[in-house]
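Open the model in your viewer and keep the sequence panel beside it. Each stop below tells you what to select and what is there.

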Amino acid sequence: MISELRLVISKKKNMNKSNINIESLVRDNIRKLVPYSTARNESKLKNALFMDANESPFNTGYNRYPKPVNYELKREAARSINSALKPKGKEGLDGQNSLHGAGENVFKEVSAENVFVGNGSDEAIDLLFRVFCVPGVDNVVSIAPTYGMYRVAAAINNVEYRECALNANYSLDVETLLAVIDKNSKLVFLCSPNNPTGNLLSKESIINVAENFNGIVVVDEAYIDFSGDSGFTPYLFKYNNLVVLRTMSKSRGMAAIRVGFAYANPTIISFMEKVKYPYNLNKVSQELATKSLKEDNLSRVKVIIQERERLGCELSKLECVQKVYRSDSNFLLVKIDNPLEKIEALKSKGVVVRDRSTVPGCEECIRVSIGKKDENNLLLSILKGEEVEGYNNYIELSRITKETSVNLKIFKTGRGITNINTGVGFLDHMLELFSVHSGINIDIDVTGDLRVDAHHTIEDTALVLGEGINKLYGQLKGYNRYGFVLPMDESQATAVIDLGGRFGFEWDVKFASAFTGDFPTQMYSHFFSSLATAGKFTLHLKANGENDHHIAEALFKAFARAVRVALSNEIREYELPSSKGVI
Ligand SMILES: *Cc1c(COP(=O)(O)O)cnc(C)c1O
């Protein structure tokens, strides 16, 4: 049997192992497997009348089965790797995106045949088990602590899971790992940057494993984009037993579509494809993944890295924090006094973090994903024991009509957490101003029938927001009730408000043009009167100026300021600042 011809493990370093016999590692039944085939694929026809798959002939946009293998997506996945690797001086994250280490003659661009596209990289992990591991006989080896899915996939496939504990500083000791391997070891999982420890494993250690293991070395690079390192795809052509996993779930912000990639030599890829479900990836995910890969994600990655460093620094100043581990990922592993208490305190304020304190090697640790700045600040405030309104303290409203669906959350105090998406760009911009100037943080998602016009979207947004404001002041005690703004230099808008439970509306504003951006100007009075109706408040608005965009902005700012004053119970805050020390 071919499997008996497998080489005995050799610990000789730097031997060139570019020719492991992959086929001999594959399970017999998989090697012999005749994969599911479709008539459509066999026909090789593209635009034919397909009467082969018992689909519906009526076009819903989704009546046909998706592509079993999407080559455009594979090419994009290959291109994204190659373009990140192209030497570009200091342009990369920190200039490390070069081909160093793989050897000059080693680097070739990866192409579509090196790519497997899975329903999340979790699918790729499971398929590697199914392709290579004989249940009840073979085993896999992994580091500890690490990503939990390897163990789960092993258990599901009835494959023994062996562990090699990382050193105290979470580095990998290759000798220890190789000692765990025996002749039935088929896969080694190396997660780098590692989850939950956050650190990259050293290049040398991974190469050392690839060179000294006669099985498949899986390097899971789910977090590589946050590390500034170029990862292991350049080594695919040197070590044919390497599989590099990447995902759209982390740096690309596409966790919901479930797309992950395995990069490897074409033999491994073809076996994974033989075993996968014929239509493992739905059409919507295929399209969204292709689109996302065409955009670069550097700016978002940069923000996360900055916040990671800032949050790490702030956390390490807290008395309860014993240690913040160095992270090459988008999360922090934090060793903290009484972790379970901290987790409860966070939970009571609506913040969920990952308890890792029961994981050997991560005693007393929690794992925190890096959020946006305000979210990280909220986490810090809670850990500091400050009095803050929790994330769970909000008013939630929704309105679903034939034309629109509006979902709104109003957070009770100003945290700057806002997500505004109405589908009307100009309205989004105005609501952002409203949020900033009123100190009311809103999270609003609107899906409206914009193909006809923006009318329903604008009206329903106003009605829901108005109702939200009504609820908000309904829950307050001792607020000012009346709000007003003094004319602001540039704005020339005045808003006066009475949050007293009675509707009233006065409008003295003229626009010169029909539209501001995608917002019809005649909808402004309708927007504000709907708001006042639903909010049960009296609102008088006055504005003039030359530029419609500025008038609109001034209106929203003035309104927001009036609301802020009315909701406040601390009038002194809004007194004119003293000129003392200025003059
Ligand atoms: C999040 C994560 C993944 C991603 O899995 P998907 O199935 O692609 O969402 C893979 N590996 C590790 C180590 C992870 O933490």
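Select helix 4 (71-85) and strand 1 (115-118): each supplies at least two residues of the lining of the largest cavity. Helices here are DSSP runs of H or I with at least four residues, strands are runs of E with at least two, and both are numbered from the N terminus. A cavity is a set of points on a 1 Å grid over the protein atoms alone where a 1.4 Å probe fits but cannot get out, and lining residues have an atom within 4 Å of a point. This is a predicted model: local features need pLDDT of at least 70, side-chain atom pairs count only at pLDDT 80 or more, and totals for chains, interfaces and linings use all residues. Residues are numbered from 1 along each chain as its sequence is written, and side-chain values use heavy atoms, with hydrogens and water left out.

Stay with the cavity. The search of the whole structure finds one cavity of 30 Å³ or more. The largest cavity holds about 80 Å³ of space. It is lined by 13 residues, and Pro 68, Val 69, Asn 70, Val 117 and Asn 280 are the closest to its centre. Volume here is the space filled by probe spheres set on the grid points, which are joined across faces, edges and corners. Colour the lining by type: six residues are nonpolar, three polar and four charged. Nonpolar covers Ala, Val, Leu, Ile, Met, Phe, Trp, Tyr, Cys and Pro; charged covers Asp, Glu, Lys and Arg; the others, Gly among them, are polar.

Next, the largest pocket. A pocket is an open set of grid points with protein on both sides within 12 Å along at least five of seven lines. The volume of the largest pocket is about 1300 Å³. Its lining has 39 residues; select Asn 41, Pro 66, Lys 67, Pro 68 and Val 69, which lie nearest its centre. Now show helix 3 (39-43), helix 4, helix 9 (266-275) and helix 10 (283-294), each of which gives at least two residues to the pocket lining. By type, the pocket lining has 16 nonpolar, 10 polar and 13 charged residues.

Move to helix 5, residues 121-132. Its 12 residues reach 17 Å from first C-alpha to last, close to the 16 Å expected at 1.5 Å a residue. The expected span is 1.5 Å times one less than the number of residues. Is helix 5 enclosed or open? Nine of its 12 residues are buried, so helix 5 is largely enclosed by the rest of the structure. Buried means under 20% relative accessible area, exposed over 50%, and partly exposed in between, with a 1.4 Å probe and protein chains only. Among the buried residues are Glu 123, Phe 129 and Phe 132.

Check the cysteines. How many disulfides does the search find? Zero, across the whole structure. A disulfide is a pair of cysteine sulfur atoms within 2.5 Å. Select Cys 365: the nearest cysteine sulfur, that of Cys 362, is 5.3 Å away. Cys 365 is buried at 0% relative accessibility. Cys 133 is buried too, at 1%.

Four strands form an open sheet in the order 8-9-11-10, with antiparallel pairing. Its edge strands are strand 8 (321-324) and strand 10, each pairing on one side only. Two strands pair if DSSP finds at least two bridges between them. Three bridges join strand 8 to strand 9 (331-336).

Then the backbone. Glu 364 sits in the loop between strand 10 (354-355) and strand 11 (365-369). It has a positive phi of about 65° although it is not a glycine, and it is partly exposed at 33%. Lys 536, in the loop between helix 16 (523-535) and strand 21 (538-543), has a positive phi of about 50° and is not a glycine either.

Finish with two cis peptide bonds. One joins Ala 144 and Pro 145, with omega about 0°. Pro 145 is in the loop between strand 2 (139-144) and helix 6 (149-156). Another joins Ser 192 and Pro 193, with omega about -5°. Pro 193 is in the loop between strand 4 (185-191) and helix 8 (203-212).
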